[in-house]
Amino acid sequence: MTEKKKAKLTPVLDYLKHEDPFAKGVAFCPGCGLELLLRFIPQVMGNDIVITGTPSCSAPVLLGQNNQSWHKLSYFGTLMTGAAANATGLARYYKKAGIDNTVVCFNGDGTAADIGFGNLSGAAERNEPFIYICYDNEGYMNTGVQKSGTTPYGATTTTTPFGAASKGKNLRRMNLALKMAMHKIPYAATATLSDLGDLAKKLLKAKEMKEKGFCFLHVFAPCPTGWGAAPDNTIEICRRAVKTNYFPLWEAENGKIRMTKTIKKPKPVKTYTELMKKFKFMDEEDHKILQDDVDYEYCILGGLSVLEAECQLPLPADE
Amino acid sequence: MSSNVYFKHEGPWSDANDPLLCSDTGDWRTKRPVVDEENCIVCGFCAIYCPIQVVQMKGETHFEADLDFCKGCGICAKECPKNAISMVSEGEFVK
Amino acid sequence: MNTKAKERSQIKVITGNAAAAIGAKLARPDVVAAYPITPQTEVIEQISSFHASGEMDCELITVEGENSAMNAVMAASLAGGRVFTASSSWGLVFMYDAILATAGARAPVVMVNVNRETPGIIAVSSGQQDMISTRDSGWIFLIAENCQEVLDLVLQAYRLAEDYDIQVPVMVHYDGFYLSYLSEVVDVPFQEDVDQFLSVLKDQPQRTTLKPGKKLGCGSHGILGGYLELRHKHVTAMERSKAKFDQIDKEYEEIFGRSYGGQIEKYKMDDADVVLVGSGSMCGTIKSVIDEKREQGIKIGLLKMRMYRPFPSEKMIAALKGKKAIGVVDRSLNFGFKGGPIYTELKSFESKLEGAKLVSFIDGIANTDITKENVGKMIDMTGDLANGKDVQEVTWVSYPEAQGGI
């Protein structure tokens, strides 16, 4: 056999220091962004994390069936309404009992941005010592694709369907990650699946920073089934979300906002929306509204990140 | 008295010290990834992006998916920078 | 056995809320999470001041709502901690989903609920409607009559909830306003005696807890028979809790010299022809009216319910059978069903009461005082029933306009 050309192995593999604790065959759709994220987290952070999960696409896998589990992590199955409070209870008890712990409160955008936002905000305000990860598939996918607070303008879902009087969601999405950063927590960041090295770094950073308090990670995770996308496009969708600034990658450490990936010439948002059927009813005017929304959010973020020298949070008094 | 047939513990606890649950997700597949070993440059992108994390290095020459569990999503083929993976219909492999 | 405890006392004049807070402090919980609501607020104020002064070494979580309070203590409890929370009325129903989850997960949470109305009609007033609204949640419900009993029941609640054979959350109820803000003489137990009383739990097997790296998870789906199995375990544990509570009450007496009779307290019942069934703070008033009526030669007694869930059926049947007439006083409503909730439940045992007749009294809702006069009326009406007179089935004692009851 002739000597073939070999590339350097992707450095992402170096971050995967731990075993994948999940069974190989679990019930996520082909091309599921959530599945990749869920398997990635413990491989980077370790199998000794305690993960909490709520009713969502993650629940059939995160939570067991009778006495059997789909994975080897210690988990706690909770309610969407109180996910962050459950994680609070766990982390505070471990603190009291002197037990080393990394509690990961793992929820979809429905829990994080909608029904569970109150207790997410409360836990952030109290600077509770755990990591909250929101996997954002922009809607209630497990119940059959309904609109949530992070569903973008123009997307059709089963509760924002296309019809004579409607073209899809006619409201703008909220910016959950920025909202969380404004809680002045030790660490907030966005990440996605096309940039796994960036995600791994942020997971490790969160693990380190949770010693100082609340850490929030907002991970953009496409749902091919709910979004009307080809299963093999999951990573490409993430990539284009970043390249259009639809989902910019940044982190805020001690209040200091920094872009972790800067896009020199952002592509029009249409190059992102064209990959999914959920945007197929959007015309030029709708695209302008979505583009304006993307530009507005990026402008705010850019403004905050250039102020980095002046806007670092003072350290707590006991530091 | 109650029995302990379905649960070992008093409450709704599942115990991963027992064998894990596992589904034969390989059965879902309509297309399978076939790697062109010659073109594979062993970069590992297929492995990191595989949602099921079942694409693994075979020796030092190439990567290969575990077909018992591969759902055939095609992400590995799409992300391969050398287009060394093609998705081939399962029908082709029926004897 | 420490015999000193019975002989020494530490008398203080404190409110029911302070008694609850001191009870919680003495139990040394690991995690306390609570949110203020009238008339419970003083409980968490007290605990916060104990925490601030260093008297109480716990993680205190000042949550942003009651739902989070219950969710936090549920998780902390399943992780292995001793926990406490307190609420009332709207707060209690705002944590309702977590209340159900806590019971289903068999987390041995202990909380106090300061009874208050839960109407759409704004009423910051006492009533047991919040207790009834959460009745079918799978918790053990205990009801205190006075401030001393509030404190004692909080301590007994930990023994019951955390007992290895039980593992069911316990809610201690006491009447808002009447007990929450009422100052009474309370004999506050000494810490070492409480430690001794609770130390029994340490000798028991370790319940299943959630720890990092142990490959155990809580919140598994109950599939097919699995769900039935856990539900059956739960109801049988609740059934066991009846005798366990009686036993704990006896052990409490051995250490502290105070016994209340366990599931039910019988007051002048033995020779009584006519009995009132009541719960909570009304029982003090009823007892004093009974004393007066007894002086007139009327054979009347009181059955005080201390345990409401599980329903102390056997004890109540044994105590009530053969009586001539029983008046059941409810501080809450049973929407869509005739008579108060406790009345309705007792009515289902009528065939076992050997001819005792039952009548329902609704009183004390929304802070209408259950006065001595009202109690006298109830006793007279129940006496009429005993003497074969025709008495309407349901009477709203403070609202005579309610002709025919309902």
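Two residues are taken to be in contact if their C-beta atoms, placed from the backbone, lie within 7 Å. The model under review is predicted.

1. Contact of chain C with chain B. By this criterion, 19 residues of chain C are in contact with 15 residues of chain B. On the side of chain C that touches chain B, strand 9 and helix 10 (225–256) of chain C each supply at least two residues. Helix 10 of chain C gives the largest share, 7 residues. By class, this side of chain C comprises 4 nonpolar, 11 polar and 4 charged residues.

2. Contact of chain C with chain A. Here 39 residues from chain C meet 33 residues from chain A. The elements of chain C that each supply at least two residues to the side touching chain A are strand 2 (31–34), strand 3 (59–62), helix 4 (66–79), helix 6 (96–104) and strand 9 (216–218). The largest share, 10 residues, is that of helix 4 of chain C. The side of chain C that touches chain A divides into 18 nonpolar, 14 polar and 7 charged residues.

3. Pairing across the chains. Which strands does strand 9 of chain C join in the other chains? With strand 2 (residues 74–77) of chain A, strand 9 of chain C runs parallel, and 2 bridges join them; Phe76(A) has Cys218(C) as its bridge partner. With strand 1 (residues 13–15) of chain B, the pairing of strand 9 of chain C is antiparallel over 3 bridges, and Ser14(B) is partnered by Gly217(C).

4. Strand 10 of chain A pairs with strand 9 (residues 250–253) of chain A in the antiparallel sense over 4 bridges, with Trp250(A) opposite Met259(A).

5. Helices of chain A. The axes of helix 4 (residues 83–97) and helix 6 (residues 117–125) of chain A come within 7 Å and cross at roughly 35°. Helix 4 of chain A contributes Ala83(A), Ala84(A), Ala85(A) and Thr88(A) to this contact, and helix 6 of chain A contributes Asn119(A), Leu120(A) and Ala123(A). The contact has 5 nonpolar, 2 polar and no charged residues.

6. The sheet within chain C. An open sheet of 6 strands in chain C has the order 10-12-11-14-15-16, with mixed pairing. Strand 10 (264–267) and strand 16 (394–396) of chain C are its edge strands. The twist from one strand to the next averages 20°. Within this sheet, strand 14 (residues 325–330) and strand 15 (residues 357–362) of chain C pair in the parallel sense over 6 bridges, and Gly327(C) stands opposite Val359(C).

7. Helices packed on the sheet of chain C. Helix 11 (residues 282–295) of chain C touches strand 10, strand 11 (274–278), strand 12 (300–305) and strand 14 of chain C, and its direction makes about 165° with that of strand 12 of chain C. Helix 12 (residues 313–320) of chain C touches strand 10, strand 11, strand 12 and strand 14 of chain C, and its direction makes about 15° with that of strand 10 of chain C.

Key: Residues numbered from 1 in each chain as written. Chains lettered and ligands numbered in written order. Predicted model: local features only at pLDDT ≥ 70, side-chain atom pairs only at ≥ 80, totals over all residues. Nonpolar A, V, L, I, M, F, W, Y, C, P; charged D, E, K, R; others polar. Pairing = 2+ DSSP bridges. Axes fitted to C-alpha atoms, helices over the stretch in contact; angles between N-to-C directions.
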